[in-house]
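This report describes selected features of a predicted model.

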Amino acid sequence: MNELNNISSVYFLGIGGIGMSALARYFNSRGIKVSGYDKTETALTKQLVAEGIRIHYEDDISLIDKQATLIVYTPAIPKDHQGYNYFLTHDEYTLMKRSAVLGMITRNSYSICVAGTHGKTTTSAMIAHILRDTGYGCNAFLGGIASNYDTNFWADDKNVSVAEADEYDRSFLQLSPDVAVITSMDADHLDIYGTAENLQEAFIEFSSKIKEGGLLLCKYGLKRNDEFKVPNMIRYSLYDKHADVRPENIKINNGSYQFDVKINEDVIKDVELNMGGMHNIENVIAAITVAKHVGITDEKIKEAVAKFKGVKRRFEYIIKEDGLVMIDDYAHHPEELRALIIGAKELFPGKKCMVVFQPHLFSRTKDFADGFGEVLSIPDEVVLLPIYPARELPMEGVTSEMIMERMKMKDAKVLSKEALLEAMRKSKPELLIICGAGDIDTLVEPIRAILINK
């Protein structure tokens, strides 16, 4: 029996989050009454309101939907939140975390779930785009805004789901994939997991959630991948010739890539990917493998890939001119930054590279200060913003200067947002990368305006 059929109205605590809003749109698309709370109005919440969803921004019990049959909440909701506590203390309400609701959807559909400490948003968006563009069809639950469609969710009559499987808070252990993808297992979220080994254990447990007869597609060379609990596994790699799936004959052409994809004995010739970063070739060969697995033809796959415009804030071109390239990216882990910076330098050799980075979380900065220092020594010039705290309180001695002290370069500084904008008025960057997972995205448009109006 489908557990989703008994839901008549849903209320979301934290409706403006990227994952929460995708679920809100899902229920709204099914004709179910949807409303919710968030602490601030954003472009995303305005879109939800335009789609017919009622949202309030005050923590006021008189504004909540007391008729809702399902209450969905995010772990980010404060424990003293009045609305949250009202629902907790009234037994007639069913409260579920976002991950549990997504788990319910994956149990009741043919589901493709993409996990990984990085790469999951772009890879899941690529898979969902290919399934949509080729007419195969899917419901998509994405952790970013797909540039082709300007949304993080779309609905389809076909009972197929493509979902990002988030390892934060062990959320992905609620899911039930028919096809699971694991893109990476680098240490991250050590505030939750404690050690890299504990994080790896969670990914091994995620592999055990695959439905009987399902498929695991994972990056070749992941630590402990011989412990994945699946009978059917395919491994892919950008570089390793031992992988089952790999690209061949890669050519770079004006910020795009052309290559062949070898899947065991099959070869798909002349695939074109119009987004930057070699790591995105690795992401797209995983997406292509999934599309082949569900029976989509090579020609349709190639046509769809060529049309893929990327995900907002994932190697997103803000300016792409001969004299100036400006890229915005969500990278907030040393390995993501490495892929981003090296990928951009490969695409635009000879251009002086300037990186503006906002560290995200005190705990992540402390855990990976050496890694950040090493990777941020690659560009020619670096500006660090103060650490974005998100859910954390400050830690003594943990600042952006901690990263700068570990960088092997002279041209580095820590600036406030205001000082950065002032510096941009005097700067003449050739290849500018803006990156981070905090609120640095609010500076992208002001910086663009400064640079194009010079």
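## A buried glutamate

A residue counts as buried when its relative accessible area is under 20%, and as exposed when that area is over 50%. E392 has a relative accessible area of 15%, so E392 falls in the buried class. The residue is part of the loop that runs between β19 (381-384) and α13 (400-404).

Which residues does E392 touch, leaving aside those up to four places away in sequence? They are D191, L361, F362 and S363. With S363 there is also a polar contact between the two side chains, at 2.4 Å.

T123 belongs to helix α5, which spans residues 120-133. Its relative accessibility is 0%, so T123 is buried by the same cut-off of under 20%.

The side chain of T123 takes part in two kinds of polar pairing. One of its polar atoms lies 2.7 Å from the backbone oxygen of G119. The side chain of T123 also makes a polar contact of 3.2 Å with the side chain of N283. When residues up to four places away in sequence are left out, T123 touches V114, T183, N283, A286 and A287.

In soluble globular proteins, nonpolar side chains tend to be buried together. In this model the largest nonpolar core has 73 residues, and L337 and L376 are the members that touch the most others. Helix α8 (residues 278-293) supplies the largest share of this core, with 9 residues.

Beyond residues up to four places away in sequence, L337 touches A331, F357, F372, V375, L376 and C435. Another core, of 48 residues, lies apart from the largest one; L48, A100, F153 and A165 are among its members.

## Packing of α8 against α9

How do α8 and helix α9 (residues 298-307) pack, in angle and in distance between axes? The angle is about 145 degrees, and the axes are 10 Å apart. The crossing of α8 and α9 is right-handed.

On the α8 side the contact is made by V284, I288, A291 and K292, and on the α9 side by D298, I301 and V305. By class, the residues of this contact comprise 5 nonpolar and 2 charged, with no polar ones.

Technical notes. Residues numbered from 1 in each chain as written. Predicted model: local features only at pLDDT ≥ 70, side-chain atom pairs only at ≥ 80, totals over all residues. Heavy atoms only, no water. Core = buried A, V, L, I, M, F, W, Y, C linked by side-chain atoms within 4.5 Å. Buried < 20%, exposed > 50% of the residue type's maximum accessible area, 1.4 Å probe, protein only. Helix = DSSP H or I, 4+ residues; strand = E, 2+ residues; numbered from the N terminus. Contact = heavy atoms within 4.5 Å. Polar contact = N/O pair within 3.5 Å; in protein donor to acceptor, adjacent residues only side chain to side chain. Axes fitted to C-alpha atoms, helices over the stretch in contact; angles between N-to-C directions. Left-handed = near helix turned anticlockwise from the far one by under 90°. Nonpolar A, V, L, I, M, F, W, Y, C, P; charged D, E, K, R; others polar.
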